[in-house]
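Please look over the model below. This report covers its salt bridges, a pocket and a surface patch.

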Amino acid sequence: SEGVSRELAFPNSILALFGWPDREVRELCFRIYNEHIAEVQERSNNRIYGVGLINWWDPEGARRTIGELKSLGLKTFLLPLSPGKDLEKRPIDFASRAMDGVWDAIEEAQVPIAHHIGETPPATPNEFNAVSIGMLQSVAPFRDAFGKYIFGGILDRHPGLRIGWFEGGINWVPSALQDAEHISASFQHLGNLKLQHDPTYYWDNHMCASFMVDRLGLALLARIGVDRVMWSTDFPHNESTYGYSNQSLAVVVDAVGPEAAAAIVGGNVKRFLGLEG
């Protein structure tokens, strides 16, 4: 179907430049990448939608690079889970007031944010099956950023933001929401920032996630929401559905029925990218 044929292309090799110390060079490399992936998108006749990169470390740069990204026809961008350090070598806190100008620029541009697995290496050495151990950690990286959006007040101060969590599956969502609701109720008297809504509100109104093969997530779909999830292939990676995509899609149809499956494999990502209408 048309929905299934649409793909998001994420930057992989260029992730090594996220911590490049020369910020001007970093931004230049991002600009070159954006121009390249926009050409790929155009040549694909909008079958492939490139995921761009922006300056996330200063408000003026964020506004400038988001404007460039939109002018190229790109519909979303990858924001790192670990934003690195500022010019004074202090770790950047995405939820701090110092970052409000960056979030303002993103919100004003109305471009959805994409987060992706794969940024954090294993914390300790692994003599055996290092790839498998690393992947087990890699597919569950979202809780820290998820907490900042909710408990750090990002979404309360910037309610126009939309966030997509990609390639980490969907089964983590109910447990994260359950824990967030419990933590919110248990620790609100110790907090220094009051939430405007219950944690689940932020998921239901601002977030979505993608999966490749996630039978457990599909079984919990009533807690997650049909309109909050997107099927993906992750080609050409080892954990992708390459070689059995049709079977993977059949699992979705069997789990939720044809109508909901059409949204999951096509309609929801079109809405996320702003392609509807």
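## Salt bridges

Glu 27 and Arg 31 pair through their side chains in a salt bridge, 2.9 Å from N to O. This is a predicted model. The two residues lie four apart in helix α2 (residues 23–43), so about one helical turn separates them. Glu 27 is buried, because its relative accessible area is 9%. Arg 31, with 24%, is partly exposed.

Arg 63 and Glu 108 form another salt bridge, with their closest N and O atoms 2.9 Å apart. This pair links distant parts of the chain: Arg 63 sits in helix α3 (residues 59–71) and Glu 108 in helix α4 (residues 100–109), 45 residues apart. Arg 63 is partly exposed at 40% relative accessible area, while Glu 108 is exposed at 54%.

Arg 90 and Glu 88 also meet in a salt bridge, 3.3 Å from N to O. Arg 90 is partly exposed at 49%; Glu 88 counts as exposed at 52%. Shared partners join Glu 27, Arg 31, Arg 64 and Glu 68 into one salt-bridge network. The whole structure holds eleven salt bridges.

## Second largest pocket

The second largest pocket holds about 370 Å³ of space. Its lining includes Phe 151, Ile 183, Phe 187, Lys 194 and Asp 198. By type, the lining residues are five nonpolar, five polar and two charged.

## Nonpolar surface patch

Phe 151, Ile 183, Phe 187 and Leu 190 make up a nonpolar surface patch, with about 390 Å² of accessible area together. Leu 190 lies in the loop between α8 (172–187) and α9 (199–206). Leu 190 is exposed, at 62% relative accessibility.

Key
Residues are numbered from 1 along each chain as its sequence is written. This is a predicted model: local features need pLDDT of at least 70, side-chain atom pairs count only at pLDDT 80 or more; totals for chains, interfaces and linings use all residues. Side-chain values use heavy atoms; hydrogens and water are left out. On a 1 Å grid over the protein atoms alone, a cavity is a set of points where a 1.4 Å probe fits but cannot get out, and a pocket is an open set with protein on both sides within 12 Å along at least five of seven lines; lining residues have an atom within 4 Å of a point. Grid points are joined across faces, edges and corners, and a volume is the space filled by probe spheres set on the points. Ala, Val, Leu, Ile, Met, Phe, Trp, Tyr, Cys and Pro count as nonpolar, Asp, Glu, Lys and Arg as charged, and the others, Gly among them, as polar. Patches are made of residues with over 30% relative accessible area and no salt bridge: like charges are joined within 9 Å, nonpolar side chains (Val, Leu, Ile, Met, Phe, Trp, Tyr) within 5 Å. Accessible areas come from the Shrake-Rupley method with a 1.4 Å probe; for residues, only the protein chains shown count as cover. A salt bridge is a side-chain nitrogen of Lys or Arg within 4 Å of a carboxyl oxygen of Asp or Glu. Buried means under 20% relative accessible area, exposed over 50%, partly exposed in between (1.4 Å probe, protein chains only).
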